[in-house]
Amino acid sequence: TSNLNKQYTFDNFVVGNSNNFAHAACLAVSEGYFHTYNPLFIYGGVGLGKTHLMHAVGNKLLEKFPKLKVLYISSENFTNEMISSLKSKKMDEFREKYRKIDVLLFDDVQFLAGKQRSTEEFFYTFNSLYDSQKQIILTSDKTPDEIPEMEERLKSRFAWGLIADIQPPSVEEKTAILMKRAEQMNIPLDEKVALFIAENLKSDNVRELIGALIRLSAYSSFNGEPISIELAKKTLDKFLIKKDKIITFDTILKVVCEYFNVKLSELKSKKRTKSIAYPRQIAMYLMREKLNCSLNEIGEIFGGRDHSTVLHSINSIEKKIKKEKELKEIIKILEKALYE
Ligand code: ADP
Ligand code: MG
């Protein structure tokens, strides 16, 4: 069997800016254009549709070419299968199975990291399929480069074909996904309510977005209340950003101190050690972003620094956010904490 989930199709996948590149690449492969993007490596955060797209390729291919040998497998199941084949001395069968596939859909390859034996076995499978010009699609939550403890020779192979990313969906995309899913599930969802959820849900994870819709719809049918923004506020309370919460200088200071584990007195002090100066710059950045305040006001809070120093700090954080994924993540976490 191919292990494919028939629910995951291109038809019910919502395409937008966040995923159109990965979607287009998958669509091309599903038309039977093998070798062009081989391997196709899709990466992106949890719950952003990587597995869905992969199955969609498999389903579409089988529709067009029913004889094709398509196999979907997660790297964990690959590992488990390999271990049990080793134990029962059936490695020949195992290898045979993986080498006669036409299209291998290998999900969450990052979990091979650090697992020497399965990595090695996968390496041989990969080479054998690649050499016989079979299509390989891989997904991961990181780029090949960013997967820790992954063998170099595999990383470099992952980059032989095309690497496509999926980004978190925008509010518009989230709204569209909710509307589409509601339609599929016969849930009477008003666009205004969908927009409200899309704008206010803390998480960017599409799985959680859909989870919120299901929760709302279940609550609505149990209690006979129609789905509305009010009902969403009530049932999804824990999952929503509290936009009406007023952020102050103090909230920002508190959140930054807690996250970086520095003392408030240190943050406000003149100390220039990196472990303090960096959180301080981030706090300044957040104040400028979140509170409509002047550079001088920020300077006052940090022991009377002048506005050009403050501006310099903020600019340096802004620049870094554009370059460093890690900092972008930190800012996201801090922003969430501000609304909690
Ligand atoms: P990942 O593998 O990236 O963690 P999944 O493919 O499992 O994410 O997606 C999580 C859930 O969100 C699935 O139910 C999937 O159908 C849905 N989903 C994700 N992205 C989209 C999208 N663009 N349109 C429709 N549904 C989506
Ligand atoms: Mg997945």
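Contact, as the word is used here, means heavy atoms within 4.5 Å. This is a predicted model, in which local features need pLDDT of at least 70 and side-chain atom pairs count only at pLDDT 80 or more, while totals for chains, interfaces and linings use all residues. Residues are numbered from 1 along each chain as its sequence is written, chains are lettered from A and ligands numbered from 1 in the order in which they are written, and side-chain values use heavy atoms, with hydrogens and water left out.

A place to begin is M284, which is found in helix α13 (residues 274-290); helices (H or I, at least four residues) and strands (E, at least two) are DSSP runs, numbered from the N terminus. M284 counts as buried because its relative accessibility is 1%, where buried means under 20% relative accessible area, exposed over 50% and partly exposed in between, with a 1.4 Å probe and protein chains only. Leaving aside neighbours within four places in sequence, M284 is in contact with I298, F302, R305, V310, S313 and I314. The C-alpha atom of M284 is separated by 41 Å from that of A25, and these two residues are 259 residues apart along the chain.

After α1 comes G32, whose phi is positive, near 100 degrees.

The cysteines can be taken next. The structure holds zero disulfides, a disulfide being a pair of cysteine sulfur atoms within 2.5 Å. C293 is in no disulfide, and the nearest cysteine sulfur, that of C257, is 17 Å away. C293 counts as buried at 9% relative accessibility, and C26 in turn is buried with a relative accessible area of 0%.

Two packed helices are described by the angle between their axes and the distance between the axes. The axes of helix α7 (residues 171-184) and helix α8 (residues 191-200) come within 8 Å and cross at roughly 130 degrees, the axes being lines fitted to C-alpha atoms over the stretch in contact, with angles from 0 to 180 degrees between N-to-C directions. That angle makes α7 oblique to α8, because angles under 35 degrees count as roughly parallel, over 145 as roughly antiparallel, 65 to 115 as roughly perpendicular and the rest as oblique. On the α7 side, V171, K174, T175, L178 and M179 meet E191, A194, L195, I197, A198 and E199 in α8.
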